[in-house]
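Take a walk through this structure, one part at a time. Keep the sequence beside the 3D view as you read.

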Amino acid sequence: MSNIKLHKKNQMKKTKHFCSRIQQRGVLHSTVDLAISYGIKKGDKFVLSKKRLKIVLYELDQLRKKLIKAVDQGGIVAVQNDGCLITTYRLNSFSQKLSRS
């Protein structure tokens, strides 16, 4: 199972110091957002190394393959109750006519 969570835009406040450094160093805001989302937290830092980037890309590739298979199946429904999976079926297999009788 993938450890990847979908990336959300960073909502942290930015200091004037941060804004000037990001501009001076040519770092993109989107890259900082990625570091916060996928980097390893070490104290007060988020470290997104080249090795970690490759791991994240691999996990995203695996997730993409699973998503493509789910699209090919037409989507699915998973039914749960109190944290227990009860049943599952393909989304396009449900018949409205049969459910009303």
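Among the contacts in the chain with a separation of 6 or more, 32% join residues 24 or more positions apart. Keep in mind that this is a predicted model. The chain has 101 residues, and 13% of them count as buried. It holds four helices and four strands. Along the sequence they follow the pattern α-α-β-β-α-β-β-α.

Start with helix 1, which covers residues 16–25. This helix is hardly covered. Among its 10 residues, the count of buried ones is one. Gly-26 follows helix 1 and has a positive phi, near 70 degrees.

Val-32 is buried in helix 2, and so are Asp-33, Ala-35, Ser-37 and Tyr-38. What do the buried residues of helix 2 pack against? Their partners are helix 1, strand 1, strand 2 and helix 3.

Strand 2 spans residues 45–47, and Lys-45 is placed in it. Is Lys-45 buried or exposed? Lys-45 is exposed, because its relative accessible area is 54% and the cut-off for exposed is over 50%. Ala-35, by contrast, is among the buried residues of helix 2. Lys-45 and Ala-35 are 10 residues apart along the chain. Their C-alpha atoms are separated by 9.3 Å.

Helix 3 comes next, at residues 50–72. It has 23 residues. From its first C-alpha to its last, helix 3 reaches 33 Å. That is close to the 33 Å expected at 1.5 Å a residue. Which residues of helix 3 are buried? They are Arg-52, Val-56 and Glu-59. An α-helix has 3.6 residues a turn, so residues three or four places apart point the same way. The cover over the buried residues of helix 3 includes helix 2 (29–38) and strand 1 (40–42). Just after helix 3, Gly-74 takes a positive phi of about 85 degrees.

Now move to strand 3 (76–81) and strand 4 (84–90). Asp-82 is placed in the loop between them. Asp-82 is not a glycine, yet its phi is positive, about 55 degrees. Most residues other than glycine have a negative phi. Asp-82 is exposed, with a relative accessible area of 76%.

Leu-85 is placed in strand 4. Leu-85 counts as exposed because its relative accessible area is 67%, above the cut-off of 50%. Even so, Leu-85 has contacts beyond its sequence neighbours. Leaving out residues up to four places away in sequence, it touches Ala-78, Val-79 and Gln-80.

Finish with the cysteines. How many disulfides does the structure hold? The number is zero. Cys-19 is partly exposed, with a relative accessible area of 35%. Cys-84 is partly exposed too, with a relative accessible area of 47%. Both values fall between the cut-offs, since buried means under 20% and exposed means over 50%.

Methods:
Residues are numbered from 1 along each chain as its sequence is written. This is a predicted model: local features need pLDDT of at least 70, side-chain atom pairs count only at pLDDT 80 or more; totals for chains, interfaces and linings use all residues. Side-chain values use heavy atoms; hydrogens and water are left out. Helices (H or I, at least four residues) and strands (E, at least two) are DSSP runs, numbered from the N terminus. The expected span of a helix is 1.5 Å times one less than its number of residues. Buried means under 20% relative accessible area, exposed over 50%, partly exposed in between (1.4 Å probe, protein chains only). Contact means heavy atoms within 4.5 Å. A disulfide is a pair of cysteine sulfur atoms within 2.5 Å.
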